[in-house]
Structures are given as structure tokens and as C-alpha cells.
Amino acid sequence: MTKTSTTAPGPSSLCELVTAQGLPRALDTLVASRVADDGDIPWGPGGHAVVPASALTDAQRETCLHLIALAQPQGGAYEVAVLGRPPGRPPLEQPASWCTAVVWLRLGISRRFLTHTVRRLGERRSADRVLLTEQMVQASLADALAEQLEAEALLSGEQSPPESHVAAEASRRIAAADRQLRHLAGAYGFESSGVGTALWVSELLADAYVPDPLDDGGNNHA
């Protein structure tokens, strides 16, 4: 397998990029840092890849398992492809820093969803009260924010456990925050207008690239 084509971005910058500009730009930047010179894409240890459809060769497009369309504010759609590794094709081994970068990107998606959810709750009413002012709603938002802050602290701190363990724990914290926010957002969290679909992509990225190193006795089957 040949070397990758570009230098990886700073992991935390991916979080900031998602928060400011949305998923497409950040995912493009992340995957471009690990596409090999021969066009091979980054594969996870379970043999799956989640990448922008624009990063695929014609041959890879033919083996795509699923295409996810993320609606864009300016019109059109940004497509994310889910693929299974062709039999007999050895994957490009991903460094631990790749796993961490994926989780930083997931944190940015979660933060963006928090912002959208707070705005949405501020616009909705139950009887004569704005939902955002309800005590239970505020408590749930605080719980979600706490999970996000814990994930950030894990990713930013000294890596005393192996990096893959830290990334996996941070990813679990993000998943917990997203569950809280989806509960608050209701149907809005599942809309295909961009927010709900971005959360789905985030979950797929975790499934593909951030396996729990404690599973199967801590063995990584990459």
C-alpha cells in the first residue's frame, strides 16, 4: 500500500470546522488526509469505510453499499458513501491518531446539533411556555453539554491509557449526548434536512472506525 497523499489536519480543528461550516467540509478534509496515492480509501478494522462519495473512484462506486444524501442549505445534496472492503484487498492500517480525529469530528457534529436543538426549543411552546424555559428541558441540555465537555476533556488530556481507549470512551460520551439531544428534538432530530442525517453519519463513522478496544478481551481485529 502506498503512502497517503496529504498531511492530516489538527484533530481538534475538525471539531471547529464542523461547528462553523457543517459536516461536508470537515469530512472532506479528514478523508483527504488518508486517501492513498493509489486511490484507496481509509478502511476501519471491521472492513467498512464511510467517506464522501466524491472521494470514490468509478470502481469503488460500483461496490458502494449505501449512499446517504445530506441536504445542503444552498440546495443540492452532499453524498456520503458506505462501503465494504473487497475480499482479498488488504486495508491501509490506520494510525491511532485517525481514530482520535474521527471522534473530534463527531464532537463537532454533536455540538452543532446542540446549537440547532437549543434554537429549536426556543421557538417551540407547550401551552403558554417556551420549551427552552422548562426545568426538565434545561436539565437534559445540561446533561448533554456535560457529556460533550467530558469527551473534549478526554480528547484534549494527557493520553495515559492507550489512545484508542481514550477515543472510544470519548465516542461513548458523544453518543450519550446525542441521545439526550435527539430525545429533546423529537422528530426534528431525524429529519433529512441535514441535522438528523449528520447524526446518522456520525454514528456510522463511530461504527466503522472507533471500535471498543475492550470488546473481545481488548483484542483489535484490524
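Predicted model: local features only at pLDDT ≥ 70, side-chain atom pairs only at ≥ 80, totals over all residues.

1. The nonpolar core. The largest nonpolar core has 59 residues. Within this core, Leu-27, Leu-105 and Tyr-209 touch the most other members. Helix H4, residues 96–123, supplies twelve residues, the largest share of this core.

2. Helix H7. This helix runs over residues 195–209. Its 15 residues should span 21 Å at 1.5 Å a residue, and the C-alpha atoms at its ends are 21 Å apart, so the two values agree. H7 is mostly covered, with twelve of the 15 residues buried. Among the buried ones are Val-195, Leu-199, Val-201, Leu-204, Leu-205 and Tyr-209; the list also includes Thr-197 and Ser-202. The cover over these buried residues includes helices H2 (23–32), H4 and H6 (163–185). Strands E1 (48–52), E2 (64–71) and E3 (77–84) are also part of that cover.

3. The aromatic pair. The structure holds one aromatic pair. It is formed by Trp-98 and Tyr-209, whose ring centres are 5.3 Å apart and whose planes stand at 85°, so the pair is edge-to-face. Because Trp-98 lies in helix H4 and Tyr-209 in helix H7, the pair ties together parts that are 111 residues apart in sequence. Both Trp-98 and Tyr-209 are buried.

4. Thr-100. This residue also has its place in helix H4. Is Thr-100 buried or exposed? Its relative accessible area is 8%, so Thr-100 is buried. Apart from neighbours within four places in sequence, Thr-100 is in contact with Leu-155, Glu-163 and Ala-167.

5. Ala-127. The backbone here deserves a look. Ala-127 is not a glycine, yet has a positive phi of about 60°. Ala-127 is found in the loop between strand E4 (125–126) and strand E5 (129–130). With a relative accessibility of 79%, Ala-127 counts as exposed.

6. Salt bridge Arg-129 to Glu-134. The structure holds six salt bridges. In one of them Arg-129 pairs with Glu-134, and the closest N and O atoms are 3.1 Å apart. Arg-129 counts as partly exposed at 40% relative accessibility, and Glu-134 is partly exposed with a relative accessible area of 25%.

7. The salt-bridge network. Which residues are linked in a network of salt bridges? They are Glu-147, Glu-169, Arg-172 and Arg-173. Arg-173 meets Glu-147 in a salt bridge of 3.6 Å, N to O. Since Arg-173 lies in helix H6 and Glu-147 in helix H5 (residues 135–156), this pair ties together parts 26 residues apart in sequence. Arg-172 meets Glu-169 at 2.6 Å, N to O. Arg-172 and Glu-169 are three residues apart in helix H6, so about one helical turn separates them.

8. Arg-173 is partly exposed at 28% relative accessible area, and Glu-147 counts as partly exposed at 22%. Arg-172 is partly exposed at 35%, as is Glu-169 at 24%.

Methods: Residues numbered from 1 in each chain as written. Heavy atoms only, no water. Core = buried A, V, L, I, M, F, W, Y, C linked by side-chain atoms within 4.5 Å. Buried < 20%, exposed > 50% of the residue type's maximum accessible area, 1.4 Å probe, protein only. Helix = DSSP H or I, 4+ residues; strand = E, 2+ residues; numbered from the N terminus. Expected span 1.5 Å × (residues − 1). Contact = heavy atoms within 4.5 Å. Phe/Tyr/Trp six-rings, centres within 6.5 Å; stacked < 30°, edge-to-face > 60°. Salt bridge = Lys/Arg side-chain N within 4 Å of Asp/Glu carboxyl O.
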